[in-house]
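Take a look at the chain below. Then follow the questions one by one.

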Amino acid sequence: MNERLLEIIRYKTGGRQNAFAELMGWSPQYLAKLVKGDNFGLQPVLAILSAFPEINARWFLFGQGSMLEVGMMFDLQRQALSHIQSLLDLDKYIPVMTGEEVREFEEAIKNGRYPNFSPDTLSDLQKRSAEHTENVNAKFAQATAKSDSLCRQKTPKG
């Protein structure tokens, strides 16, 4: 069972045992005993299954099946896709973000969370993005008009 516990630790914290112990409210020493297989009773099993309902109890107890419950896997996938979509929605604002906003966005991505932008900041980003798009479109129209006028000029035949 301790091997399966190690798989759960990898799944939840990338293998960082201290982070997993903190997540569970356990001391690192207690978790170390569980990982060694010492005193692995029903209480830690119930605590883990309660904290992480996506873990398949049959797999954890007996090694049968897969680590994650199929229904919960779909929920996790939906949550992950929703999180990715919300980040992609913000990604389009990067060209108009201030340095501080870019740092917040980057920090959120690194820590697997949604950026902490207020509704006012999001509204401001939308306005800045619209202005940026208008400016780019105006410059493009100006360049196209100049190109058209140059192409229409008569050239001497030689």
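**Helices, cover and surface**

Counted from the N terminus, the elements run α-α-α-α-α-α-α-α. Helices here are DSSP runs of H or I with at least four residues, strands are runs of E with at least two, and numbering starts at the N terminus. This is a predicted model: local features need pLDDT of at least 70, side-chain atom pairs count only at pLDDT 80 or more, and totals for chains, interfaces and linings use all residues. Residues are numbered from 1 along each chain as its sequence is written, and side-chain values use heavy atoms, leaving out hydrogens and water.

Q: Why is F62 called exposed?
A: Exposed means over 50% relative accessible area, buried under 20%, partly exposed in between (1.4 Å probe, protein chains only). F62 has 55%, so it is exposed. F62 lies in helix 5 (residues 57-62).

Q: Which residues of helix 2 are buried?
A: In helix 2 (residues 17-24) they are F20, A21 and M24.

Q: What puts them on the same side of helix 2?
A: They cover an arc of only 100° around the axis. The arc is that of the directions from the helix axis to the C-beta atoms. On the other side of helix 2, N18 and E22 are exposed.
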